[in-house]
Amino acid sequence: MIRKTLIISLGVAFACSTTEKQTEENIFETINTEVLQNSEAYSALKEASETIGHRLTGSENGAKAEQFVFDKLKSYGFEDVKFQEFEVEAWSRGTVQLTTTTDGQTDSVASVSLGHSPVKANVTGEIVDMGNGVAADYEGIGDALKGKIVLSFISLLPDTPEEVQNLHRSEKAELAIKNGAAGIIIFNQHEGEILLTGTASVTGELLDMPAICIGYEDGMKIKEQLASAPGSVSATIDMTNNSGLIKARNVIATLPGSEIPEEKVIVGGHLDSWDLATGAIDNGIGSFAVLDIARTFKANNLQPKRTMQFVFFMGEEQGLFGSRKMVEEAEKDGSIDNIKFMMNLDMSGNPVGMNASGAAIDTAFFASLGEKLQAIDTVYKGEFSSRAGLHSDHQPFMLAGVPILSVKSNLDRSIYKCYHADCDDFDLVNKEHITNTTRFASMMLYEVANAEKLPAVKMNSEETKQFMIDNGLEENLKMQGDWKWGE
């Protein structure tokens, strides 16, 4: 009797062990099948685009988007879904008019205000072509820009030396301000008279001068006129805008870990958009992939060892407001040390690889993970890099020493011409690509959250400082006011 019981017990133990092994081996196939058959990323983004429109932080539409995602998460079965409210000084556009005068002839030029331009401004001045608008273009300029309006390309001009690094539009505006300009006109890099917006403030505070964007064709026309006759074109920028305290909410859904619930892996994307279109690419394809990743975890009862948090940030476009709030709160209550990895999906899609940045990155872990993903589908190429950049919601986490994970995208580059622009609408979204984001990112996240040993470690303050220096981010962070290690 005792022997029979022992045999049965051993058999049950073996069966359980085998089942657990099979579950671990088959989990990627389970995710893959679920997403290919039932993904809602495309349909949910379509619904939001059609019923809400743009998702500007602090606007009525923004609040509708927050509630839309909250309700979706609840419908997927998440019990722990919360709003994280914050109040900030935010900006919204009013009116703008740009007129140029050349040889006595005045023309009206289509333009849009860049974020954090003054509440009211009316300036007239000679236009000065500052090329790419990077630091090298201002060398030796002295007082020559005082009272004048800078013209700058948003990207790098074709004849630019290879060693020159481009700057964010806000950093180009900051250089113009520091050199005494009365205003800045930035012209787009894409043809088709596409108008682009976005913040022109490195700090998120209102500028002292107006900043506007014009189309590529108009920018090149002015540039050519100035090349043939410097000082021949003047401009008047007349604008009104709005600024005041607004309330917005991050949306956070939590899936408790099965073995180490105190440790967290976060996946986030900014839900907010600018207001010239519906923000389908920036960042619908990222944030609605996060929504579908959350659905996928619940639909398959996936519960990795560590707690997963699915976060939809508001306020990214105007200064990373939502992600700053989340990190600020985590630092205040000490839970920042429990955040072991942060994946950010911002205009990401159709992954062919991964980027992991931080201290002591276990490249063997990610190489093995890449092989597993390739075994699922060879559309994933197993590419890997370890680089760091700024200007999205990973930045506050990275500055707190948290390792960062992102996907290496293989999207049709033409869709990026509508980034922040008046053509960023749902017709640009590729259903296959956003579905691929969901399935591959879900597998990446599960593997990290369920790892026996994490493939990177949180950096202390000095390690984080050195990491920023090594990645060439010190000067940019100082310009933003985000360098926290003194001079």
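First, the basis. This is a predicted model, in which local features need pLDDT of at least 70, side-chain atom pairs count only at pLDDT 80 or more, and totals for chains, interfaces and linings use all residues. Residues are numbered from 1 along each chain as its sequence is written, and side-chain values use heavy atoms, with hydrogens and water left out.

The protein has 12 helices and 14 strands, taken as DSSP runs numbered from the N terminus (helices H or I, at least four residues; strands E, at least two).

Strand β11, residues 339-344, has five of its six residues buried, that is, under 20% relative accessible area with a 1.4 Å probe, protein chains only. β11 pairs in the parallel sense with strand β9, residues 260-270, over five bridges; pairing requires at least two DSSP bridges between the strands. With strand β14, residues 404-409, β11 forms two bridges, also parallel, and there Met 343 has Leu 405 as its partner.

The largest nonpolar core holds 76 residues, of which Leu 73, Phe 310 and Phe 366 touch the most other members. Such a core is a set of buried Ala, Val, Leu, Ile, Met, Phe, Trp, Tyr and Cys residues joined through side-chain atoms within 4.5 Å. Helix α6, residues 280-299, supplies the largest share, 10 residues. Another core, of 26 residues, lies apart from it and includes Phe 467 and Trp 485.

Overall, buried residues make up 57% of the 487 residues.

Methods: Buried < 20%, exposed > 50% of the residue type's maximum accessible area, 1.4 Å probe, protein only.
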